[in-house]
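Please look over the sequence and the model shown here before reading on. The report is meant for someone meeting this structure for the first time.

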Amino acid sequence: MKRIVAALAALAICATALITPALAQEKKFTVALIPGLTTDGFYITMRKGAQAAADALGVTLVFQGAPDFNPVTQVPVLDAVIAKKPDAILIAPTDKVQLVEPLRKADDAGIPVITVDTFIGSGVYQTGAGEADFPLSYIASDNILGGEIAARALAKAIGDKGKVYVSNVKPGISTTVQREEGFKKEMAANHPGITVLETQFNDNDANKAASQLQAVFARNPDLVGVFGANLFSALGAANGVQQVGQTGTVKVVAFDAPTSIVDNINTGLVDVAIAQHPAEIGYFGVVSAYAHLTGQSIPVAIGTGFTIMDKANIADPNISKYLYSE
């Protein structure tokens, strides 16, 4: 229900903003979007959604980020953006702890901050408590729900029994931690015939994820499934499945859906993909920033949806429209 209310509130903001062009003409706002990394289809699609909103509202959108998902490279980008003094910052923080103080510099400079896709602290903002509650809003997929959806999809694919594990990136990344949490929660609550083995962390290295799959399979030859908490984890694990000759037997569920996932699904390398809606995240991010800058209130959280893709529906235009740009 909270997700529905948040989405409706976002739509209301959008409608209000779009019917007040006079405000847009009085001042041209600049909104900076700092992605987790610049080369990923997810963030490229987010940028397109943000640009669509910016064009509709007369906002100048600046897109600036690092080529890898790493706080060490993201913080200098953030510092450079703050120095340019945009009217608002949308950012996908690459670490929920390490980005707190760098983002506080923006807040101290009077630049409103909205986090998109990932969050800092607990992701619960504007409570008046804690050191990381200063962002105005968190706009993203409900990643716990996404993990639950992935668990249901994998459970269905393996006949609701057997051994599975999560291939994840590393601790500290808010989104992938929540996806794992949702996956394990759903499996424990509703799938007693499934055993979830220890999570394997691959540092966003697909080759490492492939090696880990081979090692897990060597210890557990009755392995039947793996959930990749992000795309590199899933494709790496899928390659590992292929290398041990278990494609089609060990099912792979991937989180995220670039256009390349179509071939992966059609060839059987990946069985199911959970697509987020990054264009919506970018769109609502710019609309929310604009609403705040024009004196309107905005929700502290806005949730966007998911689409489940498999071989049976991947050719459907109503499904394939949610593939990410590349």
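Predicted model: local features only at pLDDT ≥ 70, side-chain atom pairs only at ≥ 80, totals over all residues.

The domain assignment divides the chain into domain 1, made of residues 30-141 together with 277-304, and domain 2, made of residues 143-275 together with 313-318. Taken over C-alpha atoms, the centres of domain 1 and domain 2 are 28 Å apart. To the contact between them, domain 1 contributes 11 residues and domain 2 contributes nine residues.

About 880 Å² of area is buried between domain 1 and domain 2, and carbon and sulfur atoms account for 53% of this area. On the side of domain 1 that touches domain 2, the residues comprise four nonpolar, four polar and three charged ones. The number of salt bridges between domain 1 and domain 2 is zero, while two residue pairs, both at pLDDT 80 or more, are in polar contact between these domains.

## Salt bridges in the structure

The structure as a whole contains nine salt bridges, among them one between Glu101 and Arg104, whose closest N and O atoms lie 3.4 Å apart. These two residues both belong to helix H5, which covers residues 100-108, and because they are three residues apart in this helix, about one helical turn separates Glu101 from Arg104. Glu101 has a relative accessible area of 45%, so it counts as partly exposed.

Another salt bridge brings together the side chains of Glu148 and Lys185, at 3.5 Å from N to O. Glu148 is buried, its relative accessible area being 12%. A further salt bridge joins Lys208 to Asp203, with 2.8 Å between the closest N and O atoms; here Lys208 is partly exposed at 34% relative accessibility, and Asp203 is likewise partly exposed, at 47%. Salt bridges with shared partners also tie Glu148, Arg152, Lys185 and Glu186 into one network.

When neighbours within four places in sequence are left aside, the residues in contact with His191 are Arg152, Ala155, Asp160 and Glu186.

## Val241 in helix H9

Val241 lies in helix H9, which runs over residues 231-243. With a relative accessibility of 2%, Val241 is counted as buried. Not counting residues up to four places away in sequence, Val241 touches Leu213, Gln246, Thr247, Val250 and Val252.

How many residues along the chain lie between the positions of Val241 and Ala153, and what distance separates their C-alpha atoms? The two residues are 88 residues apart along the chain, and their C-alpha atoms are separated by 18 Å.

How values were computed. Residues numbered from 1 in each chain as written. Heavy atoms only, no water. Domains from an automatic or database assignment. Contact = heavy atoms within 4.5 Å. Buried area = accessible area lost by both parts, 1.4 Å probe. Salt bridge = Lys/Arg side-chain N within 4 Å of Asp/Glu carboxyl O. Polar contact = N/O pair within 3.5 Å; in protein donor to acceptor, adjacent residues only side chain to side chain. Nonpolar A, V, L, I, M, F, W, Y, C, P; charged D, E, K, R; others polar. Helix = DSSP H or I, 4+ residues; strand = E, 2+ residues; numbered from the N terminus. Buried < 20%, exposed > 50% of the residue type's maximum accessible area, 1.4 Å probe, protein only.
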